[in-house]
Amino acid sequence: MKLIENIPLFKQMEIINRLEFFKEFTLHERQILLESFGLLYLINKNQFLFKEFDNDKRLFIVLSGSLMVFKHNHLLELGSIEPGEFIGEGAFINNRERSINARAKENAIVLAITADALTRLPNVIREKIKDRIIEGMSLRIAKLSDHIEEHG
């Protein structure tokens, strides 16, 4: 995982403006988030974003590319994280170690947010991030419920 430091702000804005995760954010709020509180990382194809049991507590929002998630050393893909989706919310929210592996299916760029950065964000932005996490988690629960219903 490589920190990206040379993408101009307007290019970063172009990327996040396309993503559903940021639809409720004003342009100014997006700019504040990018300039002050988020770091962009490049994850090359087949490189791990994180591994199960890591103590990294950051929340990652996929801006481009995609990630696969899987347990242990098995390469059976449990799910795919696409642009606009996030990963790492369990460790981020509960301050615990990672419970899954995440690896790039193709070159990917992610926005990383620390819990500390979240507490320093203006309230309106912090609440929108929390709302998006809750919404994303409830969508995942619905998908899992459907999967369980279909498969037994």
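This is a predicted model: local features need pLDDT of at least 70, side-chain atom pairs count only at pLDDT 80 or more; totals for chains, interfaces and linings use all residues.
Biologist: Why is helix 2 called roughly perpendicular to helix 5?

Modeller: Helix 2 (residues 27-37) and helix 5 (residues 123-151) pack at an angle of about 90 degrees, and their axes lie 10 Å apart. Angles of 65 to 115 degrees count as roughly perpendicular, under 35 as roughly parallel, over 145 as roughly antiparallel and the rest as oblique. Helix 2 is therefore roughly perpendicular to helix 5. The axes are lines fitted to C-alpha atoms, for helices over the stretch in contact, and angles run from 0 to 180 degrees between N-to-C directions. Helices (H or I, at least four residues) and strands (E, at least two) are DSSP runs, numbered from the N terminus.

Biologist: Which residues make this contact, and what is their class?

Modeller: Contact means heavy atoms within 4.5 Å. Helix 2 contributes Glu29, Ile32 and Leu33, and helix 5 contributes Val124, Ile125, Lys128 and Ile129. Ala, Val, Leu, Ile, Met, Phe, Trp, Tyr, Cys and Pro count as nonpolar, Asp, Glu, Lys and Arg as charged, and the others, Gly among them, as polar. On that basis the contact has 5 nonpolar, no polar and 2 charged residues.

Biologist: How do you know that strand 4 and strand 7 pair?

Modeller: Two strands pair if DSSP finds at least two bridges between them. Strand 4 (residues 59-64) is joined to strand 7 by 2 bridges, and the two run antiparallel; Phe60 has Ile87 as its bridge partner in strand 7. They belong to an open sheet of 5 strands in the order 1-2-9-4-7, with antiparallel pairing. Within this sheet, 3 bridges join strand 1 to strand 2, and 5 bridges join strand 2 to strand 9.

Biologist: What makes strand 3 and strand 6 edge strands?

Modeller: These strands belong to an open, antiparallel sheet of 4 strands in the order 3-8-5-6. Strand 3 (48-50) and strand 6 each have a single partner strand, so one side of each has no neighbour in the sheet. Strand 6 pairs with strand 5 (residues 67-70) over 3 bridges, and Val69 has Gly79 as its bridge partner in strand 6.

Biologist: What lines the largest pocket?

Modeller: A pocket is an open set of points on a 1 Å grid over the protein atoms alone, where a 1.4 Å probe fits, with protein on both sides within 12 Å along at least five of seven lines; lining residues have an atom within 4 Å of a point. The largest pocket has a volume of about 990 Å³, volume being the space filled by probe spheres set on the points, which are joined across faces, edges and corners. Of its 31 lining residues, the closest to its centre are Ile81, Phe86, Glu89, Gly136 and Arg140. Helix 5 gives the most to this lining, with 10 residues. By class, the lining has 14 nonpolar, 8 polar and 9 charged residues.

Terms used
Residues are numbered from 1 along each chain as its sequence is written. Side-chain values use heavy atoms; hydrogens and water are left out.
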